[in-house]
Amino acid sequence: MEKTLLIIKPDATRRNLIGHIISRLEKAGFEIVEMRMERLTPAKAQKFYAVHEGKPFLDSLVEFMSSGPVVPILLRKQNAVADLRTLIGATDPAKAPCGTLRQEIALNIQENSVHASDSPENAAVEIAFFFG
Ligand code: CMP
């Protein structure tokens, strides 16, 4: 069994989509191991996205991610990292395949409703970031 991290972003919590997203995860066979709701400080959002240091969208991303509650969720499943990336679709919802979560509910490339770890290595780092 593999673990990965998903974050429900402020655009989705604002639109009352937490239950919908969790339902999609459970229907796809993911087990919820841990979850909570929190409001990220700009400093914590900046630290989480440190890998994007220097990118033109970072300041706006930090402002967005600290604009409302987020829901980090620790998930478990066989092939969890790759399967979750497939379930959510591309970063830009305009490029996300039909039937993916982002194609269905994301607003734009920044307010794209969910984040998912992109490798088992980053999943371990991101899980430790939120759940110790
Ligand atoms: P996420 O999967 O959380 O990883 C980094 C985030 O940065 C991404 O989702 C988007 O929310 C945001 N992002 C990535 N590329 C862009 C971009 N070109 N313009 C604005 N935001 C972006």
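This is a predicted model: local features need pLDDT of at least 70, side-chain atom pairs count only at pLDDT 80 or more; totals for chains, interfaces and linings use all residues.
- E2 and E3 run antiparallel, and 4 bridges join them.
- The whole sheet is open and has 4 strands, in the order E2-E3-E1-E4, with antiparallel pairing.
- Strand E2 (31-35) and E4 are the edge strands; each has a single partner strand, so one side of each has no neighbour in the sheet.
- Going from one strand to the next, the twist averages 30°.
- Helix H5 packs on this sheet and touches E1, E3 and E4. The direction of H5 makes about 30° with that of E1.

**The largest nonpolar core**
- Here's a handy bit of background: in soluble globular proteins, nonpolar side chains tend to be buried together.
- In this model, the largest nonpolar core has 19 residues. Leu6, Ile8, Ile21, Leu25, Ile73 and Leu84 have the most contacts inside it.
- At least two core residues come from each of these: strand E1 (2-8), helix H2 (18-27), strand E3 (71-77), helix H5 (80-88), helix H6 (101-105) and strand E4 (114-116).
- H5 gives the largest share of this core, with 4 residues.

**A closer look at Ile21**
- Which residues does Ile21 contact, leaving aside its neighbours within four places in sequence? They are Leu6, Ile8, Ala12, Leu101, Ile105, Ser113 and Val114.

Definitions and conventions:
Residues are numbered from 1 along each chain as its sequence is written. Side-chain values use heavy atoms; hydrogens and water are left out. A nonpolar core is a set of buried Ala, Val, Leu, Ile, Met, Phe, Trp, Tyr and Cys residues joined through side-chain atoms within 4.5 Å. Buried means under 20% relative accessible area, exposed over 50%, partly exposed in between (1.4 Å probe, protein chains only). Contact means heavy atoms within 4.5 Å. Two strands pair if DSSP finds at least two bridges between them. Axes are lines fitted to C-alpha atoms, for helices over the stretch in contact, and angles run from 0 to 180 degrees between N-to-C directions.
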